[in-house]
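Student: I would like to go through the labels attached to this model and the criteria behind each of them. Could we take them in turn?

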Amino acid sequence: MIIGILKEPKEESRVAMLPEAVKTLLSWGAEVQVEQAAGNTAFATDPSYQEVGASIKSREELLSQADILIGIQPLSPLEIAKTKSGAVLMGQMNALYDSQLRDYLIAEKKTAFSMELVPRTTRAQSMDVLSSMATVTGYKAVLMAADLLPRFFPMFMTAAGSITPSRVLILGAGVAGLQAIATARRLGASVFAFDVRQAAKEEVLSLGAKFVDVEGATEDKDAGGYAVEQSEEFLQRQKDTIHEHALKADVIITTAQIPGRKAPLLVEERTVRAMKPGAVVIDLAASSGGNCALSQPDQTVEVNGVRIVGVGNLAASMPQDASKMYGKNYLNFLKLIIKDGNLHLNFEDDIVTGTCVCHEGKAISPRIIQIQN
Ligand code: NAD
């Protein structure tokens, strides 16, 4: 069986597997082919893949020969058409939202696994690319804010006077938010955080941050630990509370998302206009509609001296460790579908089924079936 590791498109600097992960794959008895220059932007050279036993191939060779094709960004329909019949395609295909790609994969009877569909269960934690990449994103968002802020994060007592610590407000305490809290605390900031899930409060407090309480949030026990849409009344109360906290904040990092929906608007334009000049807002939800009224995806907007950074693919800004984590997640997932060096698709396994977009012309993941109906 041939496993192919694809080179990502120009704007992506991660690679799905670094040489150390490839070495493990080879130890399972598979042949591994790596696309020429696939690891360059993540600082893994072609010779470093060859040293562990992989061969370097052109994209055309990989597409036509591999039994399992592994990447991060999805292939285009044009390239999918070039893949071998029966090949398994793996990537982060945005399968819940990209109906065109989904329909094409089903119509062409392809077998496709989309890593963002890995169920958020305890057993699947080691395969969860969303959590791994959110860890990178939360960390990097704080470094970006610290770099842009015209002030120190920590408190300083110097001969030139005292510096008070910066005040950081984190909105949304999921994986990215908690990592942002931990990083901002390590840098010595005074951190406040808010989430609609009460379960997040304990985690926020355990990281040494203060929890901002807004009464009356809606929670749904059947939402798998995720946030659900809130009432208009609650959202207004929340915006007012955030407004009060924002006036004192040096940095706001927003991470609030609701799966399958537009991100909630948490920071209104009036709030940004009332913030301290020099303050920084990092909006990690910019590409799904934005938590801040003024953010634009992949752009920095300045209003009254407040800089609002609309973040896109921040995980790609730390390609070495992001690729390392991605590769480890992939290995843990591949263990479920490779037995004795051969492909073995067990659709009795809820992780395999949950992650599979389609197989033999049919939608497989319950989440995909639900949106197809
Ligand atoms: P996410 O990226 O979907 O959202 C980020 C955070 O925004 C969440 O904490 C959410 O509650 C919050 N949020 C949504 N609407 C909000 C609003 N109006 N105001 C304030 N905050 C709002 O979340 P995530 O990081 O992917 O994690 C979501 C949940 O999944 C958490 O409960 C997490 O513990 C759980 N999880 C479980 C696993 C696992 O078991 N494998 C892995 C990762 C996450």
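Student: What kind of unit do β1, α1 and β2 make?

Tutor: β1, α1 and β2 make a right-handed β-α-β unit. Right-handed means that, with the strands pointing away from the viewer, the path from the first strand over the helix to the second runs clockwise. The model is predicted, with local features requiring pLDDT of at least 70 and side-chain atom pairs pLDDT 80 or more, while totals for chains, interfaces and linings use all residues. Residue numbers start from 1 along each chain as its sequence is written.

Student: How many helices and strands does the chain have, and what makes a run count as one?

Tutor: The chain has 13 helices and 19 strands.

Student: What joins β2 to β3, and what lies between them in the unit they make?

Tutor: Strand β3 (residues 55–57) runs parallel to β2, with 3 bridges joining them. E35 has K57 in β3 as its bridge partner.

Student: Why is β2 called mostly covered?

Tutor: A residue is buried if 20 or more other C-beta atoms, placed from the backbone, lie within 10 Å of its own, exposed if 12 or fewer do, and partly exposed in between. In β2, 4 of its 5 residues are buried. For the chain of 373 residues, 44% count as buried.

Student: What makes both faces of β5 count as covered?

Tutor: In strand β5 (residues 88–91), V88 and M90 on one side are buried, and L89 and G91 on the other are buried as well. In a regular strand the side chains alternate between the two faces of the sheet.

Student: Which strands pair with β5?

Tutor: Strand β4 (residues 68–70) pairs with β5 in the parallel sense over 3 bridges, and M90 in β5 is the bridge partner of I70. Strand β6 (residues 111–114) also runs parallel to β5, joined by 4 bridges; there A112 in β6 is the partner of L89. From β5 the chain crosses through helix α5 (residues 99–107) to β6, a right-handed β-α-β crossover.

Student: Is W28 buried, partly exposed or exposed, and where is it?

Tutor: W28 sits in the loop between α1 (19–27) and β2 (31–35). W28 has 17 other C-beta atoms within 10 Å, which means it is partly exposed. Leaving out residues up to four places away in sequence, W28 touches I338 and G341; contact here means C-beta atoms, placed from the backbone, within 7 Å.

Student: How does the radius of gyration of the chain stand against the globule rule?

Tutor: The rule is 2.2 Å times the number of residues to the power 0.38, with the radius taken over C-alpha atoms. For 373 residues a compact globule would be near 21 Å; the chain has 22 Å, which agrees.

Student: What is the mean pLDDT of the chain?

Tutor: The mean is 95, and 99% of residues reach 70 or more; pLDDT is the predictor's confidence in each residue, from 0 to 100. The model scores ipTM 0.94 and pTM 0.94.

Definitions and conventions. Helices (H or I, at least four residues) and strands (E, at least two) are DSSP runs, numbered from the N terminus. Two residues are in contact if their C-beta atoms, placed from the backbone, lie within 7 Å. Two strands pair if DSSP finds at least two bridges between them.
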